[in-house]
Amino acid sequence: MREPVDEDVVSTIERVDGVAIVEGAVGQLAQVVKLEDGKPTDAIQHGQAPTLGVTWGPNRELNQAIGGDGRPEVGRRPTNAREVALDEVTAKDAGITFAAVRRCANASECGRARVQVVFFGGHPSEIFRVVAIFQFGTVGNLAGATLAAFDPETAQVMMSRDGVFDEIHVEATPGVPQVKLRNRIRGALRDEGVTGVEVLTGEQLAKDQSDEIRDNLKFFNIFLLVFAFIALFVGAFIIYNTFSIIVAQRTNELGLLRGLGASGRQVMGSVALEALVVGLLSSLVGLVAGVGVALGLQELMKVFDVQLPSGDTVILARTVIVSIVVGTLVTVVSAISPARRAARVAPIAAMTTDMTGPSSGYRRYLVGGVLTTFGAVMLAVGLFTDVEGFPGGSAALVGIASLLVFVGVAMLSPLAAQPAARVLGWFPARFRGVAGRLARENASRNPRRTATTAAALMIGIALMTLVAILGASIRSTLANVLESDFKAEFVLRTKNFAPLSPEATEAVRDAVPNAKVTDFRFGNLELANETKAVLGVDPNIGSTIDVHPRLGALEAFRQSGGMLVFKDAYEEFPARQREAGVLKVRFGATGRQDIPIAGVFTKKDAIGNEFLLAMSDYEENFTDRSVTFAAVKLPAGTSVGPAAKVIDRALAAFPGVLSEDQEEFKKGQEAQVAQFLNLMYVMLALAVIIAILGIANTLALSIYERTRELGLLRAVGMARKQVKTMIRYESIIIAVFGAGLGILLGLVLVRALVGALESEGIHFALSIGSLVVLVLLGLLGGWLASIFPARRAARLDVLQAVQSQ
Amino acid sequence: MTTASTRTEVAARAAHASKIYGAGENEVHALDNLDVEFERNKFTAIMGPSGSGKSTLLHCLAGLDRLTSGEIFLGDVEISASSEKKLTLIRRDRLGFVFQAYNLIPTLNAAENMTLPLDLAGKKPDPEHFDRIVDTLRLRDRLSHKPSELSGGQQQRVAVGRALMSKPEIIFADEPTGNLDSKASAEILKYMRTAVDELGQTIVMVTHDPTAASYSDRVVFLADGRIVGELVNPTTDSVIDEMKTLGE
């Protein structure tokens, strides 16, 4: 929350010993618009990147003035109120050639070297001559931002910085250390009684900025790591299951080893060692494949319209080591329980043919029950109370709680496997003859194996359910809010939800004279030492958006301004403050102020803010004039269609600014939600794919185990097609069981989550369609998982199979 | 051999049957240009030492294995020329099987195991036939039991029941009593005898047990992939004597 600095400070700094150059700079939003035949056409913007207006002063090189390694390609510094310099990409998009700029700079024959620039501080848009094109590094512009550079005085006027600068750049005389000069400047400012000015060294500023970038990337990293963790977690289930099955299949062999004198510890060690080797090799393969997938995934993201910053693929030594260690560790840990079971195999087992292995009995269910309960309680604590002191905050707590619930439910799931397989197997048993009946029997013959296999799929599907239902809840809430609280027919916003120029809303006011247009401007203030978001609103808000004010609140707000406060926030105020009816706040620009409380409102769903400041008060205390969005309520009796045309015509001069009716606005918001959901689905798809591979793996192992049985079936006349049918339906039963468990668990989790978000205005909504799609996904997954194992089973050599043990 | 078979109907026969495993130095002739016929409505036993080719012959007759050269006929159909798909259907509809052990599908109960070939064909069992088999094999009170709940003898009875259920042209039995004690063995062999005498079935059985062979109408002796002897209306003693002769 940095506020502008008075320009008089420049002369104060100039007098400080060791200062070589001082220059005030302005950095605000400025939208460059392409001109065709002198008329504005396209607003130039790249994706979500900002459109910036900056200064290029007389005293410093361009790269010093705008930072980075900017250097002019052609032309000269803009020196008057009619001139601008553009970055190379923006100039190209505006259809301006180097030759045109050269002529304009040297001979003042500007012809087509002109653009319009729209400002966001209240100054009307103007047409400028382009007298220079400059470059940023090698890519032309920085991460897609557009840059328009002005003479400092022009910048102050255009970007509503009269008498102030956003920053003051200082260069030291050679030999004066940065820190020393900074301290001198601080001292000088203190002596002059200047407050609210932050003095930073260049080093410090660079560090702050790179820290900020790293923080942003960190969030993205954590986001990705969460999904990687989910994938590993699912993988752990499959590893556990695989080792359980092979230990069971080797019962004879292990019994023989024990009979020959191997200790339980040695048997366990042999299984653990196997896990170690398998884990190490798999991690190596996974690492190589991961690098490949990273490249492929970037392409996939593009398909789903998710923009990622592009760059070279970097492989860090740390990544390699961590991947291999984590992969190996997860494998070994997952195999511990099966290894311990192997150690318990009795020597006598060498003689028996029972391959189901020792049953774990009630202990498993007891532990599963305890974990589920504990996880559920932790989840409730994380969601519904303020957690303090837990590392990572409530998000981490909720994550760990979900993990416990997943493990707990997975441990309990064998209880449900048999009945579920019987119910799900009804269809194949009824309509697919004896092959279908055998599929049902096979799916329920080893409930633990079926359940563990299904549990891996359960996790991915549960998270997908959570995402889908959360999305549906947000959408439905949005629709309800629009229907019930949105009185305005139109919303004015920019394409990418960046702020718009107040000029634009003014133009709409002029075009539809009796319409009520409410501007919303965003800002921050400090209240009781906490930074709070505030919306500056026109006092006519009652006509455009219903915030459900308490009796008389709007009346007071209209007449004498002040602050409308959301009821929850109001109730948290100290009683003293409520009685006084005055809020003691601090603004960045104007410092401590008393703002009268105009009243209380009870519904913030439509605006998402707890503090609404009357526009007159906002303008007194904030320098920013850009409009976050605006709502337009037509006069009674005006039909929407023609009005839309009038508004569109008024906005023609402001490319990039949209006027949307309710339906369009809703669609735009939904598209944003959908984009986020798609990203989540893509990430969760990995977990589902791993689970499907797990099903295929279990089937392959089961088929190996049942070789003789399959041979027998073929010998007495089962056709290959029937073998495939049998395996396919077994797979589908397992997968749909997993999907069903996942959906149930996901519904419970999302119900709790939405319950916790109730105070944010989100209400639970069920999307049956999504759930049906997830069931079908399970079905499809089961079918896919069965392809390879079914083919293998069908191709078994009958005679060999019958003769095998 | 020709005198008996010209007048009686032939259920299955092998002509110039050869089966060679391996190649070159390691070439093993499991069946060596062998000719044999199996009469309808008869119980035939195939005997011979280990490696004589008796199991290979049974597997080839049953369409579970293929000859290197020669022909196998089931009635008039040359099954040695049939596709795998057709063989599956022949096994399902026209043949019955009894193996030495693990004959049953563990997830199906006794009744379901017995009707398995019919179920695979999508046919309903004839209730009268079903009841007759179940009662003959004394399995009435075991019908809903899973194989794991049955004794070894009971399991083999279910296997015999399954082989009989589809009224096959011929039943192949591969050491059906190999895993059973003598009492249970006698029981199974008696049922097989009954099946031939009363139900008009045809059975071909591989065994190494002279007592088991004595239940048959005819014993065919194999050695080195060739027929080396034959005994009609055998007794345990006559079989042992013949074996001794061949062994020398």
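**Exercise 1. State the handedness of the crossing of H6(B) and H7(B), then describe the geometry of the two helices.**

Step 1. The crossing of H6(B) and H7(B) is right-handed. A crossing counts as right-handed if the near helix is turned clockwise from the far one by less than a right angle, and left-handed if anticlockwise. This is a predicted model, in which local features need pLDDT of at least 70 and side-chain atom pairs count only at pLDDT 80 or more, while totals for chains, interfaces and linings use all residues. Residues are numbered from 1 along each chain as its sequence is written, and chains are lettered from A and ligands numbered from 1 in the order in which they are written.

Step 2. H6(B) covers residues 127-136 and H7(B) residues 152-165. Helices (H or I, at least four residues) and strands (E, at least two) are DSSP runs, numbered from the N terminus.

Step 3. The two axes come within 10 Å and cross at roughly 155°. Therefore H6(B) is roughly antiparallel to H7(B). Axes are lines fitted to C-alpha atoms, for helices over the stretch in contact, with angles from 0 to 180 degrees between N-to-C directions; under 35 degrees is roughly parallel, over 145 roughly antiparallel, 65 to 115 roughly perpendicular and the rest oblique.

Step 4. H6(B) contributes Phe130(B), Ile133(B) and Val134(B) to the contact, and H7(B) contributes Gly161(B), Leu164(B) and Met165(B). Contact requires C-beta atoms, placed from the backbone, within 7 Å. The residues of this contact divide into 5 nonpolar, 1 polar and no charged. Ala, Val, Leu, Ile, Met, Phe, Trp, Tyr, Cys and Pro count as nonpolar, Asp, Glu, Lys and Arg as charged, and the others, Gly among them, as polar.

**Exercise 2. Describe how H7(A) and H16(A) are arranged.**

Step 1. The axes of H7(A), residues 202-249, and H16(A), residues 447-485, come within 9 Å and cross at roughly 175°. H7(A) is therefore roughly antiparallel to H16(A).

Step 2. Among the residues that meet are Phe233(A) and Phe237(A) in H7(A) and Ala455(A) and Ile459(A) in H16(A). The contact divides into 11 nonpolar, 4 polar and 1 charged.

**Exercise 3. Find the neighbours of strand E7(B) and say how far the strand is covered.**

Step 1. E7(B), residues 170-174, pairs with E6(B), residues 95-98, in the parallel sense over 4 bridges. Pairing requires that DSSP finds at least two bridges between two strands. Ile171(B) is the bridge partner of Gly96(B).

Step 2. E7(B) also pairs in the parallel sense with E8(B), residues 203-206, over 4 bridges. Here Ile171(B) stands opposite Ile203(B).

Step 3. In E7(B), 5 of 5 residues are buried. One side holds Ile170(B), Phe172(B) and Asp174(B), the other Ile171(B) and Ala173(B). A residue is buried if 20 or more other C-beta atoms, placed from the backbone, lie within 10 Å of its own, exposed if 12 or fewer, and partly exposed in between.

**Exercise 4. Locate Asn33(B) and Arg138(B), and give the phi of Asn33(B) and of Arg138(B).**

Step 1. Most residues other than glycine have a negative phi. Asn33(B) has a positive phi of about 50°, and phi of Arg138(B) is near 50°.

Step 2. Asn33(B) is found in strand E2(B), residues 28-39, and is partly exposed, with 13 other C-beta atoms within 10 Å.

Step 3. Arg138(B) lies in the loop between H6 and H7 of chain B and is exposed, with 12 other C-beta atoms within 10 Å.

Notes
Contact = placed C-beta atoms within 7 Å.
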